[in-house]
Amino acid sequence: MAKWVRLCGLSEAPAAGQVAEAEVEGVAVCLANVNGELSALDNFCPHRQGPLGQGWLEGDAVVCPWHSWTFNVKTGLAEYPVHERVDVFPLRVEGDHVLVDIE
Ligand code: FES
């Protein structure tokens, strides 16, 4: 069952080409903005729990700041190394609110 919660205000979300960390109800989220479109991923890299929200974007992928594993912001699938992935949370914007489904 979906559990939509407010992650942050739209004005607090990262600008295009940026990522940021956010947290809601104990869930750490990497919020990414690719060409004005927001995506929300699990903030913790499956390699050694590096904080993806402190990384950077290359195209439509976020690069982990610790050892450069790279994950597509829409699918969560790793571009490097293949076969790895992170969870992607459904996201929607309502007015000035960025909502994510953390179920
Ligand atoms: S912790 Fe992310 S690549 Fe190592």
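Trainee: Is Asp-60 buried, exposed or partly exposed, and why?
Mentor: This is a predicted model, and in it Asp-60 has a relative accessible area of 37%. Buried means under 20% and exposed means over 50%, so Asp-60 counts as partly exposed.

Trainee: Okay, and where does Asp-60 lie?
Mentor: In the loop between strand S5 (56–58) and strand S6 (61–63).

Trainee: Which residues does Asp-60 touch, leaving out those up to four places away in sequence?
Mentor: Val-34, Phe-71, Asn-72, Val-73 and Glu-79.

Trainee: And how far apart are Asp-60 and Gly-17?
Mentor: In space, 9.0 Å from C-alpha to C-alpha, while in sequence they are 43 residues apart.

Trainee: Switching to Asn-43: buried or exposed, and why?
Mentor: Asn-43 is buried, because its relative accessibility is 2% and the cut-off is under 20%. You'll find Asn-43 in the loop between S4 and S5.

Trainee: What is Asn-43 in contact with, neighbours within four places aside?
Mentor: Glu-21, Ala-28, Val-29 and Cys-30, plus Gly-50, Pro-51, Leu-52 and Gly-53.

Trainee: Now the sheet. In what order do the four strands come?
Mentor: S2-S3-S4-S9, as an open sheet with antiparallel pairing. Strand S2 (19–24) and strand S9 (88–89) are the edge strands, each pairing on one side only.

Trainee: How many bridges do S4 and S9 pair over?
Mentor: Two, and strand S4 covers residues 37–42.

Trainee: Which residue in S9 stands opposite Ala-40?
Mentor: That would be Phe-89.

Notes:
Residues are numbered from 1 along each chain as its sequence is written. This is a predicted model: local features need pLDDT of at least 70, side-chain atom pairs count only at pLDDT 80 or more; totals for chains, interfaces and linings use all residues. Side-chain values use heavy atoms; hydrogens and water are left out. Buried means under 20% relative accessible area, exposed over 50%, partly exposed in between (1.4 Å probe, protein chains only). Contact means heavy atoms within 4.5 Å. Two strands pair if DSSP finds at least two bridges between them.
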